[in-house]
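Here is a short briefing on a protein model. Keep the sequence and the structure open while you read.

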Amino acid sequence: MALADSVYERLTEQEDARVCTDISEDACRETPGNFLLILLSLFLTKLGDALANPKTTLAWVSNTVGAPAWVLSFLVPIRESGSLIPQLFIGGIIRRMAVRKWVWVAGSVAQAGAVAGLGLVVFLFEGVQAGMLILLLLVVFSLARGFSSVASKDVVGKTIPKKRRGRLSGWSASAAGMITAGVGLALMLPLSQGEDGSIYPWLLVLAAGLWLLAAAVYARVQEYEGETGGARNALDALKRLNLLRRDPPFRRFVITRSLLLCSALSAPFYVTLAQQGLGSPAWLLGLFVIADGLAGLVSAPLWGRFADRSSKRVMVAAALVTSGIGLVVFAADRFGPELVGRAWFLPAAYFVLSVAHNGVRVGRQTYVVDLATGNRRTDYVAISNSVIGLMLLLVGGLGALAPLITVSGVIALLALMGLAGALLGSSLPEVEAGQ
């Protein structure tokens, strides 16, 4: 326990343990150990995410088994929106439970089963049948991910004091960044350029093992019972959407978070713009993956410390950075195409965008956890995630405008969306740690 206390103090950069103004005395005593257990669990699942990335590994698997092209177009939407949209109903189920860590554990086990199944599909099926099975397993994965997501916010809210939550998100994102950079380096190695792709299904099996290990670690978290009161049916769950009407600060947060989707939605267009000028060599993809990983490694702990002071300001600052780099890329493409054609420019811009995206994620995660307590927090997380899942499907269609306004034009449009998010975010009420 002394070792856990020491590591905890180093990671949080504070020696004063008396910051537990919003959790129970019993939970406060367990904070150092719980902090490290949750951090390790998040690290393991982030590594699993890197190995089972729908933009790389799953796309390659779909092509390998001869799945129809339309399967590729559904991989990312199902992976993201499939875990977010149902959370309104998931929240009602979780509200009935006094101890919610087991929901996260079960969700992690289910994700492991789905990912292992994806690896198995490669060996046993092909063509349309394989494509349908991949999408079905991805639906299972996304639903399990949704349960874990809602439960995670509650467990963090009950076990980690406000002044530590931003650092928890920051350090986990930083670890994920280190892993992602390693994946990018692997993409640039000669071995990854070969035609023998037999390693990829085994990467999925390895990823499944990481989720199982994460579940075992998370099961050791010391969580004490909290309030309960779940929705009785789907209609009762839908009625909770009234919070968007009755709770102006929460409504403003959800709208702000919707506008801040610009940081995630912009990323593929940076890659597309690079491909238009430089083609699609594997080393170029590796540069973008490395840029993404390094951005998380370097910036996430800083965003985490910033979020523990003011998560609202983190969201605003990250939105402004997203908008700024987007407008720079747009101007460069229109007035200095030779700069955009240089191999370093767009990966460097992508690095800045990824720094901003980490800020958006850390800021909004910390803000929604600090905004309320108990079952109200569960409602906030579930409702906001469900709304964002729908918005991902709707706003994601902006890519269809690329033939009309060019790829850089789409980047500029999303940059303006970020400016609107920064403006609205500045009007959010402060929910500073320790408040």
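Predicted model: local features only at pLDDT ≥ 70, side-chain atom pairs only at ≥ 80, totals over all residues.

The structure holds one cavity of 30 Å³ or more. Two residues are then taken in turn: Arginine 364, in helix α17, and Threonine 406, in a loop.

**The cavity**

- The largest cavity has a volume of about 40 Å³.
- Its lining is made up of Ala52, Leu58, Arg79, Val115, Leu118, Leu138, Phe141 and Trp211.
- Two helices, α7 (101-124) and α8 (127-159), are the elements that give two or more residues to this lining.
- By class, the lining of the largest cavity has seven nonpolar residues, no polar residues and one charged residue.
- Arg79 is among the lining residues, and arginine counts as charged.

**Arginine 364**

- Helix α17, which spans residues 345-371, contains Arginine 364.
- Arginine 364 has a relative accessible area of 17%. Buried means under 20%, so Arginine 364 is buried.
- Leaving aside residues up to four places away in sequence, Arginine 364 touches Phe253, Arg257 and Met315.

**Threonine 406**

- Threonine 406 lies in the loop between α19 (402-405) and α20 (407-425).
- Its phi is positive, about 75°, although Threonine 406 is not a glycine.
- Threonine 406 has a relative accessible area of 35%. That value falls between the 20% and 50% cut-offs, so Threonine 406 is partly exposed.

Methods: Residues numbered from 1 in each chain as written. Heavy atoms only, no water. 1 Å grid on protein atoms, 1.4 Å probe; cavity = no way out; pocket = protein on both sides within 12 Å on 5 of 7 lines; lining within 4 Å. Points joined across faces, edges and corners; volume = space filled by probe spheres on them. Helix = DSSP H or I, 4+ residues; strand = E, 2+ residues; numbered from the N terminus. Buried < 20%, exposed > 50% of the residue type's maximum accessible area, 1.4 Å probe, protein only. Contact = heavy atoms within 4.5 Å.
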